Amino acid sequence: MLFSKVAEYYLKRLLPTTLLTNNVRSHFTYYPTVSGPGKTMNMFNAINNAMDLALQNDESALLFGEDVGFGGVFRCSVNLRDKYGKDRVFNSPLCEQGIAGFAIGVANTGTTAIAEIQFADYIFPSFDQIVNEAAKYRYRSGDLFNCGSLTFRVPCGAVGHGALYHSQSPEAYFAHTPGLRVVVPRGPIKAKGLLLACFRDPNPCIVFEPKTLYRAAVEDVPTEYYTSELGKADVLREGNDVTLIGWGTQVHILLEAAELAKETLKVDCEVIDLVSILPWDTNTISKSAKKTGRVIIAHEAPLTQGFGSEIAAYIQEQCFLHLEAPVKRVTGWDTPFPHVFEPFYLPDKHRCLTAISNILNF
Amino acid sequence: MSFLRKTIPMLGALGRQHQHLKTVVGALPTSSRQYSSDPANDYANFPGAKAPFVSQLKLNLPEDYAPIPIYRVMDRDGFIADETQDPQLSREVVEKMFRDMLLLNTMDKILYESQRQGRISFYMTNFGEEASHIGSAAALEMRDLIYGQYREAGVLVWRGFRIDQFIDQCYGNVDDLGRGKQMPVHYGSRELNFVTISSPLSTQMPQAVGAAYAMKMKKGNDACVVCYFGEGAASEGDAHAAFNFAATLGCPVILFCRNNGFAISTPSHEQYKGDGIAGRGPMGYGIATIRVDGTDVFAVYNAMKMAREYVLKENKPVVFEALAYRVSHHSTSDDSTAYRSPEEIEVWNSVDNPISKLKRYMVHKGWFDEAEETAFIKDVRKKVLKQIAVSEKKLKPNWREMFEGVYAEMPEHLVEQRKELEKHLEAHKEHYPLKNFKQ
């Protein structure tokens with residue numbers, strides 16, 4: 001379009017974009033996981049690789065969702081339709097409740113279902129199918145039927161400009177549902193391991209993938225098949241003074257906050273990636289809480305009834321006499337996720353560092 | 001043999017039931033002999049369906065039904081095929097239609113580029129669908145309430161949403177009517193009776209139906225509701241709910257499907273197998289249905305006039321399907337050449353372009369002036385660029401507004417959270433873009 005050239009020319013004569021008030025900067029620095037030799041991949045490559053292996057090793061496996069056929073809007077399924085055919089990798093009609101119900105049915109027959117919900121913000125039409133059906137199939141049928149071979153992949157979280165409906169982290173809604181597994185990777189290596197573990201796990205799983213990591217997170221990912229343990233938290237940095245708990249993108253903010261705390265406050269923080277939201281690793285958390293006596297939990301989702309509430313309640317029940325200060329939550333505020341106010345909404349490194357300083361001076 | 005043995009007593013039971021029906025419904029044939037010899041004359045009276053009985057077993061195949069025809073007024077060259085269908089709009093109205101389409105098209109091109117340069121965070125263009133916006137909006141009254149999906153900016157242009165209002169929304173600055181809460185293109189205007197856009201698809205559909213029902217219940221109602229949605233969105237459960245509620249509850253709503261052939265990358269042939277969205281109307285939901293060429297502004301206009309008259313007179317819904325082609329990428333997050341060819345797009349951008357079609361009509365009428373068109377586009381371009389410069393310098397709303405509008409009145413816990421943030425910002429102001437926000 002010739003016109004676009006003209007528009008481009010005139011626009012360039014306006015303010016340089018670096019001076020723009022809405023210029024979006026990433027709110028975190030990525031801390032890669034190191035696990036020996038592998039191929040350099042970002043998170044969407046690693047997810048693609050995991051699904052490729054699953055489709056290759058398990059001839060029953062099906063992969064579907066909105067726009068999955070051409071590679072998905074985040075490119076996670078790119079080339080898989082060409083490789084495995086359009087009967088196994090395909091677009092669904094635009095209907096999340098349909099995707100979820102269809103996936104459950106597929107899994108009822110023992111076939112592996114890998115279902116993509118395009119954005120976590122759009123998972124709610126499928127809430128009934130996931131909460132009332134997928135989660136309860138085994139229980140209500142006396143184990144006659146189940147849909148354990150089902151995994152939902154769900155891009156979630158803040159990206160800098162997603163506003164109300166392209167930013168949410170709805171893990172807590174699903175954590176309130178017995179029967180589901182809910183996990184959140186912090187990067188490519190974990191994403192691949194968790195996905196392959198979920199595909200094989202005999203329970204319906206939801207993998208919330210922080211979409212800001214699809215491109216930003218780069219690691220050397222082992223190319224062979226491997227799984228990451230479900231229900232197991234990772235201690236990423238050891239320390240004796242304060243325990244910092246997070247998942248997904250927030251892990252990287254906590255790692256940076258821990259570094260800043262070391263430099264500025266001379267304290268050693270222990271950083272734990274919870275990884276699994278449901279069921280979750282109570283042992284690793286209470287062990288660390290007992291060691292440090294000070295715990296901060298941070299997540300992007302709102303404060304009230306965020307998963308931090310559950311962790312805080314558990315810690316006060318199990319570790320009360322070991323605590324030096326009340327458990328602190330640093331989270332998104334109790335508002336919808338706003339567009340231009342995002343820098344003020346997120347539990348960024350400054351808010352986390354302030355919390356560390358406060359919890360030490362309680 | 002065993003089948004027969006079972007069948008004989010069953011037939012007896014059927015006969016007894018039939019005898020019973022005879023006494024209840026006098027109009028039914030008087031003897032079971034007649035009934036069995038000529039079932040085709042018999043009309044079933046099941047609560048779930050009234051239809052004739054037949055004795056030939058037959059699968060009703062989709063191909064047994066002819067597609068609903070597509071109404072058009074203008075051909076590709078801008079000639080009116082049947083003069084009786086010329087809406088006889090004045091030169092003034094046609095010129096407004098043309099100018100509004102040009103304005104939308106010009107603004108879209110610049111705002112699209114501005115996103116590419118990182119000036120705004122997101123944008124969605126309306127290329128190829130200008131006629132369905134303008135034609136439908138022109139046939140409505142301002143009191144008619146609009147629920148949009150997200151690609152209906154032309155309806156707002158027709159209603160008088162100003163360039164500064166569009167661009168301030170895209171920047172989410174202090175003058176954005178939505179107060180910086182939503183992504184670009186999520187417009188809304190109380191004044192123009194246009195309900196604020198929400199990103200989740202089809203959620204607006206049952207809402208529009210509910211609004212129409214409530215409006216019907218108001219004394220002397222003379223306004224209807226128009227709900228725009230795409231053919232992809234029509235696959236959502238909410239779309240079914242909307243169709244069914246609108247029909248069963250008799251709601252004066254026009255369910256306007258912009259069938260542009262694509263839901264992001266998914267082509268319509270992977271979205272449904274029936275006769276488009278129109279095909280669902282009459283047989284599927286019992287709703288009066290119109291299908292039009294969405295690239296023909298007059299076809300959309302005429303059909304919308306008829307639809308509006310019908311929904312208000314009958315207090316019943318209309319399914320309206322406007323067929324076009326999404327010349328645009330889905331949004332600035334999408335490159336549609338990954339799933340369709342540039343050549344295919346170009347056909348729809350030139351031969352079947354709704355703006356050039358109207359232009360050709362105006363040429364035949366002697367109403368078109370090339371110099372005037374060029375000057376108009378130049379003027380719009382100037383205004384849009386000037387407005388971008390102004391809008392991007394405006395401050396964003398006060399950050400405290402983040403906590404407003406969650407509830408009608410701010411509850412205590414939000415007051416506390418706002419205080420906490422206030423204290424934090426006071427201590428760490430150097431880390432936050434406070435200078436870009438109103439104080």
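**Briefing: strands and sheets in chains A and B**

Buried residues make up 43% of the 439 residues in chain B; a residue is buried if 20 or more other C-beta atoms, placed from the backbone, lie within 10 Å of its own, exposed if 12 or fewer do, and partly exposed in between. This is a predicted model, in which local features need pLDDT of at least 70 and side-chain atom pairs count only at pLDDT 80 or more, while totals for chains, interfaces and linings use all residues. Residues are numbered from 1 along each chain as its sequence is written, and chains are lettered from A and ligands numbered from 1 in the order in which they are written.

**Chain B as a whole**

- Chain B contains 15 helices and eight strands; helices (H or I, at least four residues) and strands (E, at least two) are DSSP runs, numbered from the N terminus.
- The C-alpha trace of chain B spans about 90 × 65 × 50 Å along its principal axes.
- Of the contacts in chain B between residues at least 6 apart in sequence, 73% join residues at least 24 apart; two residues are in contact if their C-beta atoms, placed from the backbone, lie within 7 Å.

- Strand β3(B) (residues 225-230) is largely enclosed by the rest of the structure, because six of its six residues are buried.
- In a regular strand, side chains alternate between the two faces of the sheet.
- One side of β3(B) carries B:Val225, B:Cys227 and B:Phe229, the other B:Val226, B:Tyr228 and B:Gly230, and all are buried.
- Strand β1 of chain B (residues 145-147) runs parallel to β3(B) and is joined to it by three bridges; two strands pair if DSSP finds at least two bridges between them.
- B:Ile146 has B:Val226 as its bridge partner in β3(B).
- Six bridges link β3(B) in the parallel sense to strand β4 of chain B (residues 253-259), where B:Phe256 stands opposite B:Tyr228.
- From β3(B) the chain passes through helix α8 of chain B (residues 237-248) to β4(B) in a right-handed β-α-β crossover; right-handed means that, with the strands pointing away from the viewer, the path from the first strand over the helix to the second runs clockwise.

**A sheet in chain A**

- Five strands of chain A form an open sheet with mixed pairing, in the order β9-β11-β10-β13-β14.
- Its edge strands, β9 (234-237) and β14 (328-332) of chain A, each pair on one side only.
- Strands β10 (residues 242-246) and β13 (residues 295-302) of chain A run parallel and are joined by three bridges.
- A:Thr243 stands opposite A:Val295 in β13(A).
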